[in-house]
Amino acid sequence: MPDLNSTYRPPPVKCSGFDPRAFRWVQTMRLAVEEINLSAELLPNHTLGYTIFDSCGYPLTGQRAALALLNGLGQEDSSVCSGGSSLLAVIGESGSALSIVLSRILQLFKIPMISYFSSCACLSDRRKYPNFFRVIPNDDYQVKAIAQLLIHFNWTWVGLVRGDREYGRFAMDGLLRELQWSKVCVAYQEVIPLLYDHQRALEIIEVMRSSSAKVVVVFSAEGEMTPFLKDYMAQNITGIQWVASEAWVTASVFTGSEYYPYLGGTVGFGISKGHIPGLSDYLQGVNPKLYPNNLLVTELWEALYGCSASHSSGSHFPPCTGQESLLEQHAAYMNTSSPRVAYNVYKAVYAIAYSLHNLLLCQPGSGPFHNNSCAQNNNIQPWQLQHYLQEVTFNIAGEEVNFDLTGDSIPYYDVINWQRGTSGNIEFVHVGLFDGTKPAGEELDIKEDEMIWAGHRSEVPVSVCSASCLPGFRKAVRHGQPVCCFDCVPCESGKISNGADSIECTLCREDFWSNLNRTACIPKKVEFLAYDSLGIALTVTSAVGACFTILVFGVFFYHRNTAIVRVNNSELSFFILFSLTLCFLCSLVFIGEPTSWSCMLRHTAFSITFSLCFSCILGKTLVVLAAFTATKPGDNVMKWLGRKQQRGIILGCTLVQVIICTAWLVDAPPIPFRNTQYEHSKIILECNVGSSFAFWCVLGYIGLQACLSFVLAFLARKLPGNFNEAKFITFSMLIFCAVWLAFIPAYISSPGNYSDAVESFAILASSFGLLFCLFAPKCYIILLKPEQNTRQHLMGKV
């Protein structure tokens, strides 16, 4: 750019390089204008004129061109333009940054403009750009399409690169908004400098090389990408999956075979292609001989053949031979098989033509302007044309063209995939469609089986920061990193995740628990003191104890007339044996699945049978103590402990326990209980005692009876005789107390069904202790020492 210090008239801008692709767009506009002028149906008796300016892809140059149009063309053909407006509409610009500058100038004069390649979403703001229209979809749709593409292929870890213009800035901001609520995270954001810097480019390339993100989304113009890709290729980096924006996804400059190892598999959204009849022949008609004074044609020849078609001595190229002809290999200019941007130019020209046609058909009195007036044919104003442009609707080759209230057109994109052609070059293959008119989530349609990916692979590349968490795991976000970077943590016991990438583990219901893999909730294992190894052992022990007791009962009954049975009060002995049998059998109630009846029977049967047993022992102890202390003649102590009194003691002491148990069952009876808290992975079926106070009252009363029997027996331990019954009662009470004192902490600390086993074991142990201490010595004398089974021997008189 020249020095703009306002001290002298600025010289013309000197543009460097030539873009054959943009020149093809210019020729497409000329073709469309000539078709319209030759048409008998569209704008009959009217001729469209045009002026072409080269903006050099730079906003300031485009601004100069606009001002030149507004200031007048210098020499006007009065036969064509007399009486008419000098400028009704502008077709352009290609870049969004240039369109912004141009639109701001033209809106002051209410001149509409139609862009064929400016997709920045910012231009849809009608308050800032009221005269702007375009035949390319808004970038909001493109970023939505790219976001859906990333989500579709599960690319959750991507890099973003953009050019340093409004197009790249607004497109990247739009994509970040689209991805804000998705599972896609951005690994890095880089900007290609507007004034290309080789060192800065190498820094960006190094970020791309070192990042774990294998997918890179690029919003950039073709001109910005060209030097960057050359530096990228020089670093010999492969394996990156490029996602291209529509600005360069169909750029023919990258179709050379040297690009394929680095750019092959690129996918992106291109402008919908169309068919322009006669375009190829029209482009081939361009020749320096036919246009000797056209500088653009001369520059085209220099760009394509490296020769100068001009005879001026200032050229740095050798002169052309004149035999050069345009061929298909000049793809940058001759690519007419699937015109996209050129087709947009074609539609833009026809949009203006149809709008003018509708304006000229206006009938006075039914017009859209003040007092239903129409525009004057010889003095059409640009704002009048814009009114018709806003409402125009027409068809080209079956495609409907119109504009919405923001000046945007219908959003259609072709999904383009860069694949290797037969000659090794890159071909743009159509593999899908994005239709912005469809419901949300249904716009994207891709043929995955027809796609080729980076590195000439057929498998979809993977680009994630962290691999997916399998079922049974949950995601734990790493501190200070994006949500896409996480660790997979196994679900805790009792929780599951039955899908991949679960954020939280789901808690199983109360009656269920997680399996080993933490992928499903399974019913908890139900446990109770069943008839398994432990239950069978207790059952056998209980049966053996009951059999022993019955056997002793039989021995005593058979020898009921012997001295040892008679001296030891045979009736009380039979009562004790009967109650011990019940004690052995009541332990069976603790085995099996708890029910309402079994829970009520367990503790009541245990307490009443033991209370009966201890009432008998207490009565027997009192009898022994009274018999040996009544030493004086005529002592009447024994008359208070006759058979009726003994039975009264047994009945009274037992009745107290019955009353306690009855009150317990009436107020808060024991009930079955599903314990899910002690061991979370199991359901333990047990009996809830209902009233803890009543439970401990029952045990306390039995303990009181045992202690009283122990004290009385202890006092009578030194009474004379070879067979002192008080000693054996004392030993039996010691064993009983030892067992049940040990039972209390064991019962409280035993887990689940083991508490029932502990209580059953205590019943059996204490029952065996009573049985053997009280009756084993007597059975020994009866069966093995019958000579000692005499009254004299027992009284110690032998």
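This is a predicted model: local features need pLDDT of at least 70, side-chain atom pairs count only at pLDDT 80 or more; totals for chains, interfaces and linings use all residues.
User: Which residues of helix 8 are buried?
Analyst: The buried ones in helix 8 are Glu222, Glu224, Met225, Thr226, Phe228, Leu229, Asp231, Tyr232 and Met233. Buried means under 20% relative accessible area, exposed means over 50%, and partly exposed is in between (1.4 Å probe, protein chains only). Helices (H or I, at least four residues) and strands (E, at least two) are DSSP runs, numbered from the N terminus.

User: Ok. What does Glu224 pair up with in a salt bridge?
Analyst: Glu224 forms one with Arg165, with the closest N and O atoms 3.4 Å apart. The pair links distant parts of the chain, 59 residues apart: Arg165 sits in the loop between strand 4 and helix 6 (166–179), and Glu224 in helix 8. A salt bridge is a side-chain nitrogen of Lys or Arg within 4 Å of a carboxyl oxygen of Asp or Glu.

User: Are those two buried or partly exposed?
Analyst: Arg165 is partly exposed at 23% relative accessibility, whereas Glu224 is buried at 12%.

User: How many salt bridges are there in the whole structure?
Analyst: A search finds 13. One of them joins the side chains of Arg200 and Glu190 (2.6 Å, N to O). Arg200 is in helix 7 and Glu190 in strand 5, ten residues apart. Salt bridges that share partners join Glu190, Arg200 and Glu203 into one network.

User: Switching to helix 7, which residues are buried there?
Analyst: Ala201, Ile204, Ile205 and Met208.

User: Why would residues a few places apart point the same way?
Analyst: An α-helix has 3.6 residues a turn, so residues three or four places apart point the same way.

User: Last one: what's up with Arg518?
Analyst: Arg518 is buried yet has no salt bridge, and the nearest side chain of opposite charge, Glu492, is 7.4 Å away. For charge, Lys and Arg count as positive and Asp and Glu as negative, with His and the chain ends not counted.

Terms used:
Residues are numbered from 1 along each chain as its sequence is written. Side-chain values use heavy atoms; hydrogens and water are left out.
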